[in-house]
Amino acid sequence: MRNFIHLHAATAFSAHYGVSWPEDLAQAAAADGADALAITDRDGLYGAIKHVKACMAAGIDPILGVDLAVVEEGERGPVVTGRVVVLAHGGAAGHPGAGYGALCRLISLAHNQPKRPVGLTLAQLAQGVVDPASGHPVLTVLLGPHSPVGRAMESRRYLLPGANSCSGAKPCPQAPSWRKLPAT
């Protein structure tokens, strides 16, 4: 029986966030019975080549990804509001290399934002998920506890169906009826 597949693991190439080398991570995953392993170094693909080679040597499938900041405009300029993990799809999801190419474009865009922290807006993330050549999604965005969605859920500041959030007695046009739960 195959085991759990780690989809968010930083390598030692992510200073202060990961401590293990790709070879050690791949060997440990294979020893645990995993058939794949993702590395998601912070803000880049720093250990990607070593990860792919280590996974091939360990007999497991490599998954490439990145841990990126979500940036929104605040009162005093851009602020990091959370983090997301972005994983590239393999060759079966489109033409070979489409997921890796989209991941590289997304990371380059995150680093090419003058006078902003390294990261992307939610709109930039959404646009980068689709391969421009085929129009098919080639990236998957994981919403963990440090994403804007995860933070909202943790503080229970999320919306549930049931009540109207618009002012007035009439429902909001073009929007479902929602109510906000009180924070605990």
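**Figure 1. Aspartate 43 in the loop between S1 and H2.** In this predicted model, aspartate 43 lies in the loop that runs between S1 and H2. Aspartate 43 has a positive phi of about 65°, although it is not a glycine. Most residues other than glycine have a negative phi. The relative accessible area of aspartate 43 is 14%, under the 20% limit, so the residue counts as buried. The side chain of aspartate 43 meets that of arginine 83 in a salt bridge, with 2.9 Å from N to O. This pair links distant parts of the chain: aspartate 43 sits between strand S1 (36–42) and helix H2 (48–58), arginine 83 belongs to strand S3 (residues 77–88), and the two are 40 residues apart. Arginine 83 is buried, as is aspartate 43.

**Figure 2. Arginine 83 and aspartate 67.** Arginine 83 also forms a salt bridge with aspartate 67, and the closest N and O atoms are 2.5 Å apart. Here too the pair links distant parts of the chain, with arginine 83 in strand S3 and aspartate 67 in strand S2 (residues 61–74), 16 residues apart. Both arginine 83 and aspartate 67 are buried. Side chains of opposite charge can pair when their charged atoms come close.

**Figure 3. Aspartate 131 and arginine 105.** The structure holds 3 salt bridges. One of them joins the side chains of aspartate 131 and arginine 105, at 4.0 Å from N to O. Are the two partners buried or exposed? Aspartate 131 has a relative accessible area of 4% and is buried. Arginine 105, with a relative accessible area of 44%, is partly exposed. Salt bridges that share partners join Asp43, Asp67 and Arg83 into one network.

**Figure 4. The largest pocket and its lining.** The volume of the largest pocket is about 270 Å³. Its lining is made up of 16 residues. Which of these lie nearest the centre of the pocket? They are His8, Asp67, Arg83, Val85 and His146. S1 and S3 are the elements that give two or more residues to the lining of this pocket. S3 gives the most, with 3 residues. By type, the lining divides into 8 nonpolar, 5 polar and 3 charged residues. Asp67 and Arg83, both among the residues nearest the pocket centre, are also partners in a salt bridge.

**Figure 5. The largest nonpolar core.** This core has 29 residues, of which Leu37, Leu68, Val86, Leu103, Leu106, Leu125 and Leu139 touch the most other members. Helix H1 (22–31), S1, H2, S2, S3 and H3 each supply at least two residues of the core. H3 gives the most, with 6 residues. In soluble globular proteins, nonpolar side chains tend to be buried together.

**Figure 6. The surroundings of leucine 37.** Residues up to four places away in sequence are not counted in this view. Which residues does leucine 37 touch? Its contacts include Ile5 and His6, then Leu25, Ala26 and Ala29. His51 and Cys55 are also touched by leucine 37, as are Ile60, Asp61, Pro62 and Ile63.

**Figure 7. Lysine 115 in the loop between H3 and H4.** Lysine 115 is found in the loop between H3 and H4. Lysine 115 has a positive phi of about 60° and is not a glycine. Is lysine 115 buried or exposed? With a relative accessible area of 85%, over the 50% limit, lysine 115 counts as exposed.

**Figure 8. The chain behind the close-ups.** The secondary structure of the protein chain comes to 5 helices and 6 strands. From the N terminus on, the elements run α-β-α-β-β-α-α-β-α-β-β. Of the 184 residues of the chain, 35% count as buried. Among contacts between residues at least 6 apart in sequence, 57% join residues at least 24 apart.

Technical notes: Residues numbered from 1 in each chain as written. Predicted model: local features only at pLDDT ≥ 70, side-chain atom pairs only at ≥ 80, totals over all residues. Heavy atoms only, no water. Helix = DSSP H or I, 4+ residues; strand = E, 2+ residues; numbered from the N terminus. Buried < 20%, exposed > 50% of the residue type's maximum accessible area, 1.4 Å probe, protein only. Core = buried A, V, L, I, M, F, W, Y, C linked by side-chain atoms within 4.5 Å. Contact = heavy atoms within 4.5 Å. 1 Å grid on protein atoms, 1.4 Å probe; cavity = no way out; pocket = protein on both sides within 12 Å on 5 of 7 lines; lining within 4 Å. Points joined across faces, edges and corners; volume = space filled by probe spheres on them. Nonpolar A, V, L, I, M, F, W, Y, C, P; charged D, E, K, R; others polar.
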